[in-house]
Amino acid sequence: MENKVTVYYGKMEELLPDHGTESKGERETLAGRRLLYRALKEQFRMELPEEPEGLQVLEGLLGKNSHGKPFLVPERACGFMPERNRDRIPFFNISHSERYAVCAVAWFPVGIDIQAIRKIKSPGVIRRTLSMEEQEQVKNAPDSDIAFFHLWAKKESYVKWNGEGITKDLRTLDLKEIWQEFFQTEDGYVGYVTGEKKTPVDLIRVV
C-alpha cells in the first residue's frame, strides 16, 4: 500500500440498494462515503465501527480545504489508525458520473475523476475548457466526444489532485509534467487518476 493507489468503484444502484428517496447529490455523496469507508477499513485497517454508525463516525473525521476538497483531519482521524500508523493519515479523492462512483486512496495526495461519455451539444464547452492544441486533437479524433471526455477527466483529476478545484482557466493547465493513469469501469466511461509520480493502480469493484 505504501507506493500504490487503490481505486474502489461501484454502480450507484449496487452501492445504495436500500436508498431511493434522496436527491441526486445526496445519493452521490453517500455512495462515495461507502466506498471511502470500505477502502479505509480494508487498505489502512482504520478501526471504524460497522455501518451505519461507521459512516457517521467517518463524517466527523472529515474537513474541507478552502476550495471545498474533503480530507481526513489528522487530529480527528489518527486515533482510528492502527498504532503503528498513528503518526500519519491516508489521502483520498472521490468522483461520480451517472451510474458510477469511484474513490481513490493512497498514502500521498491523489486525484480521481470519472466521466460518462455523452454527446457534446455545445461547441462553447470545448472552447472554454481546451487549449487550441487540445481543440485540434478533439477535432481530428475518430470520435470527438470520446476524445473530449478523456481530456476533461484528465483536467478534473488534476485539479482535484492539487486541491484547487476549478479555480483556474482549464485551457492553461499543463498536464505533461504530471503522472496520470487511465482506468475504465465499462464501455462508455473514462477515468483518470493523478499523482505526483508514476504509481501502480489497483482497481477493486464493490458490489
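Where is Arg45 found? Arg45 sits in the loop between α2 and α3, where helices (H or I, at least four residues) and strands (E, at least two) are DSSP runs, numbered from the N terminus.

Before the close-ups, a word on the model. This is a predicted model, in which local features need pLDDT of at least 70, side-chain atom pairs count only at pLDDT 80 or more, and totals for chains, interfaces and linings use all residues. Residues are numbered from 1 along each chain as its sequence is written, and side-chain values use heavy atoms, with hydrogens and water left out.

View 1. Helix α2 has 21 residues and reaches 29 Å from its first C-alpha to its last, close to the 30 Å expected at 1.5 Å a residue (the expected span is 1.5 Å times one less than the number of residues). Just after α2 comes Arg45, with a positive phi of about 55°. Further along, Pro52 is also placed in the loop between α2 (24–44) and α3 (53–60), and a cis peptide bond with omega of about 0° joins Glu51 to Pro52. For context, most residues other than glycine have a negative phi, and most peptide bonds are trans.

**View 2. Glu98 between β4 and β5.** Here's another positive phi: Glu98 has one of about 55° although it is not a glycine. Glu98 belongs to the loop between β4 (91–97) and β5 (100–106). With a relative accessible area of 54%, Glu98 is exposed (buried means under 20% relative accessible area, exposed over 50%, partly exposed in between, using a 1.4 Å probe and protein chains only).

View 3. The strands form an open sheet in the order β4-β5-β1-β9, with mixed pairing; two strands pair if DSSP finds at least two bridges between them. β4 and β9 stand at the edges with a single partner strand each, so one side of each has no neighbour in the sheet. From one strand to the next, the twist averages 20°. β1 (residues 5–11) and β9 pair in the parallel sense over five bridges, and Tyr9 stands opposite Arg205 in β9. α2 lies across β1, β4, β5 and β9, running at about 35° to β5. Axes are lines fitted to C-alpha atoms, for helices over the stretch in contact, and angles run from 0 to 180 degrees between N-to-C directions; contact means heavy atoms within 4.5 Å.

**View 4. Ser95 and its polar partners.** Ser95 lies in strand β4 and is buried, at 4% relative accessible area. Its side chain makes a polar contact of 3.2 Å with the side chain of Asp113, and the Ser95 side chain also reaches the backbone nitrogen of Ile114 at 3.1 Å. A polar contact is a pair of N or O atoms within 3.5 Å; within protein, one must be able to donate a hydrogen and the other to accept it, and residues adjacent in sequence count only if both atoms are side-chain atoms. Leaving aside neighbours within four places in sequence, the contacts of Ser95 include Tyr100, Val102 and Lys160.

**View 5. Helix α6 against helix α7.** α6 (residues 132–140) and α7 (residues 144–161) pack at an angle of about 145°, with their axes 7 Å apart. On the α6 side are Glu134, Gln137 and Val138, meeting Ser144, Ala147, Phe148, Leu151 and Lys155 in α7.
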